[in-house]
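Subject: Structure handover

Hi there,

Here is the structure I promised to pass on. My notes on what turned up follow below it.

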Amino acid sequence: MNLKQLTIIYGHYGCGKTNLSLNLALDCAKQGNRVTIVDLDIVNPYFRSSDYKTQLAEKGIDVICPSFAGTNLDTPALSPRIYSAFENKDSHIILDVGGDDAGAYALGRFRKNIQDYGDYSAYYIINKYRNFTTTPADAEQICSEIVSACGITPTGVINNSHLQSLTTVDDVQKAYSYGEETAKLLGVPLTATTAPKNIADSVVGDNIFPVDIIVKPPF
Amino acid sequence: MAERFLMKGNEALAEAAIQAGCKHFFGYPITPQTELAAYMSKRLPKIGGTYLQAESELAAANMVLGATSAGVRAMTSSSSPGISLKTEAISYMAGSDVPALIINVQRGGPGLGGIQPSQSDYWQATKAPGHGDLHILVFAPATVQEMVNLVGKAFDLGDKYRMPAMILADGMLGQMMEPVELPDTMEQQLPEKPWATCGHKNARKHNVINSLYLTPQALEELVVERFKRYEVIKENEQMWQEYRTEDADYVVVAFGASSRVAMSAVDTAREQGIRVGLLRPITLFPFPTKPLKKLAETAQKFLCVEMNMGQMVDDVRLAIECKRPVEFFGRTGGIIPTPAEVLNEIKKLGGTK
């Protein structure tokens with residue numbers, strides 16, 4: 001995928017935002033760009049971009065984490081470095097936002113910086129196999145809650161429907177129209193549909209984005 | 001096949017409880033359990049249930065005592081420090097012979113400890129979940145699907161034996177997502193509760209739910225009767241999973257999240273020709289003494305793998321009547337052991353490194 005200089009990733013809890021953000025960052029870095037991931041998740045205690053800081057640093061990707069991410073402090077403090085990321089136009093920025101409206105409030109704080117930044121993409125990530133977003137109408141509802149919280153409307157939808165390592169071609173294919181319908185309800189394009197790398201070639205549709213499963217438990 | 005969804009452990013516990021007919025939840029937020037309460041707050045009002053965030057864990061647990069006394073399925077959930085606050089009400093519920101579901105999504109301790117996953121409330125859950133002579137049923141799921149399955153089981157057995165039941169999960173299982181199949185929503189016929197204080201309508205005697213007894217004789221008699229019930233439970237309700245134990249020289253014993261790590265270490269060890277298996281307790285009370293006793297006849301050594309300082313080791317020793325050495329490997333404070341670390345410990349059992 002060709003990312004704009006600033007990309008925002010938001011969506012329902014557990015739809016796969018972090019895994020997608022990491023894939024987008026790695027893909028973007030591979031194309032020779034400098035990339036900064038901003039972990040804006042101040043809601044979720046585990047499974048977050050910050051966990052992959054070392055791994056990403058090796059690929060030249062910088063991660064800006066909440067000040068106490070991965071520690072025992074349940075303190076939702078964001079790093080002041082985020083402001084400097086908006087100043088640094090040499091690097092692509094990916095904002096990995098926390099789930100739902102609760103997570104999106106943290107994004108709202110940067111609304112002015114984002115609007116001043118200029119051209120950006122805000123992708124609403126959806127997963128048909130998450131139990132609160134199984135229909136386009138449910139997905140639209142959660143999107144409107146997120147937009148109320150952060151004030152940033154989506155510019156596109158990324159259909160990230162999956163069942164982790166058990167995802168089959170059939171699962172992705174069956175969820176394809178769900179992506180189209182959700183995008184239609186929101187009045188934005190379906191920017192991409194993801195599929196695990198090993199099956200991506202077999203999926204029929206436009207803009208299939210193959211992803212690695214990076215976020216997983218340690219066993 | 002029913003449709004599968006990706007659910008977080010905490011969400012799955014909540015939805016499974018609703019499917020099991022529990023419409024009354026009383027809680028108080030704490031990481032890493034909060035999604036459970038948040039889920040209930042969204043779902044229960046839509047189905048005519050009660051979601052109540054109490055002023056404290058103590059209040060929430062006592063509300064469960066009240067609700068269950070009236071005969072409905074009721075539950076609370078928390079994480080380690082919050083469970084300590086609930087132990088008073090748990091003891092009262094055990095002393096009043098009422099069922100209830102308590103969920104502990106464990107984090108590091110003691111004290112406020114930390115928010116990362118842990119299994120260091122094993123002793124609390126299995127030995128002293130409250131003051132007095134008592135036990136509660138304790139279930140230790142290892143997958144999100146098993147969380148779903150055990151919630152229904154915990155409610156059913158709690159009703160059957162009239163005692164509280166606990167799901168002893170941990171932060172890793174609570175926070176991780178896995179595909180699950182939910183049970184079919186059936187019109188559940190919940191068991192009659194003739195003891196419940198739900199209005200006698202002049203048709204029967206008053207029911208009284210109480211844990212205060214005015215003579216020591218009456219109290220002793222009741223406690224002894226209760227302990228006979230615990231013996232029945234120990235005989236009939238042990239649950240466990242055996243994995244590659246058929247010809248095992250060594251048996252790793254692990255429950256919950258650490259059993260997932262152990263299982264992957266067992267697979268790697270098998271590839272390297274080491275005959276090792278896994279015994280995974282699913283119930284912690286009753287502790288699965290039966291399979292362990294049997295394994296002690298053939299296995300040479302046991303290895304407990306836990307996310308604590310070895311709280312289950314003595315139970316394994318007792319189960320195998322100290323016939324074989326029981327080694328221990330664990331990480332604590334919120335650290336999860338890695339499969340490589342466990343593999344290394346398995347190798348040490350045979351004297352190789």
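In which helix of chain A is A:Asp100 found? A:Asp100 is in helix H4 of chain A, where helices (H or I, at least four residues) and strands (E, at least two) are DSSP runs numbered from the N terminus.

Some ground rules before the rest. Residues are numbered from 1 along each chain as its sequence is written, and chains are lettered from A and ligands numbered from 1 in the order in which they are written. This is a predicted model, in which local features need pLDDT of at least 70, side-chain atom pairs count only at pLDDT 80 or more, and totals for chains, interfaces and linings use all residues, while side-chain values use heavy atoms, with hydrogens and water left out.

**Backbone points**

Most residues other than glycine have a negative phi, and most peptide bonds are trans. A:Asp100 has a positive phi, near 60°. A:Asp100 counts as buried because its relative accessibility is 2%; buried means under 20% relative accessible area, exposed over 50%, and partly exposed in between (1.4 Å probe, protein chains only). A:Asn207 also has a positive phi, near 50°, and sits in the loop between E7 and strand E8 (208-211) of chain A. With 49% relative accessibility, A:Asn207 is partly exposed.

Chain B has two cis peptide bonds to point out. One runs from B:Thr31 to B:Pro32, with omega near 5°, and B:Pro32 lies in the loop between strand E2 (24-27) and H2 of chain B. The other runs from B:Gly109 to B:Pro110, again with omega near 5°; B:Pro110 belongs to the loop between strand E5 (100-106) and helix H5 (122-127) of chain B.

**Two loop residues**

Is A:Ile199 buried or exposed? A:Ile199 is buried, because its relative accessibility is 12%. This residue is in the loop between E7 and E8 of chain A. Beyond its neighbours within four places in sequence, A:Ile199 is in contact (heavy atoms within 4.5 Å) with A:Thr167, A:Thr168, A:Val169 and A:Val172. A:Asp170 is 29 residues from A:Ile199 in sequence, with 9.9 Å between the two C-alpha atoms.

In chain B, B:Ser118 is in the loop between E5 and H5, and counts as buried at 1% relative accessibility. Not counting residues up to four places away in sequence, B:Ser118 touches B:Gln106, B:Arg107, B:Gly108, B:Asp170 and B:Met307. B:Ser258 is 140 residues from B:Ser118 in sequence, yet their C-alpha atoms are 9.3 Å apart.

Chain B is assigned domain 1 (5-187 + 211-236) and domain 2 (241-349); the bounds come from an automatic or database domain assignment. Their C-alpha centres lie 26 Å apart, and 32 residues of domain 1 are in contact with 25 residues of domain 2.

Leaving aside neighbours within four places in sequence, the contacts of B:Phe302 include B:Val251, B:Leu292, B:Arg324 and B:Leu349.

**Pockets**

A pocket here is an open set of points on a 1 Å grid over the protein atoms alone, where a 1.4 Å probe fits, with protein on both sides within 12 Å along at least five of seven lines; lining residues have an atom within 4 Å of a point. The largest pocket holds about 870 Å³ of space. Its lining has 39 residues, and those closest to its centre are A:His162, A:Gln164, A:Val215, A:Lys216 and B:Met177. Helix H1 (17-30) and strand E7 (190-196) of chain A, along with helix H6 (144-161) and strand E8 (177-181) of chain B, are the elements giving two or more residues to that lining.

The second largest pocket has about 570 Å³ of space. Among its 35 lining residues, A:Tyr13, A:Val43, A:Asn44, A:Pro45 and B:Glu35 lie nearest its centre. H2(B) supplies the largest share of this lining, five residues.

Best wishes

Note on methods
Grid points are joined across faces, edges and corners, and a volume is the space filled by probe spheres set on the points.
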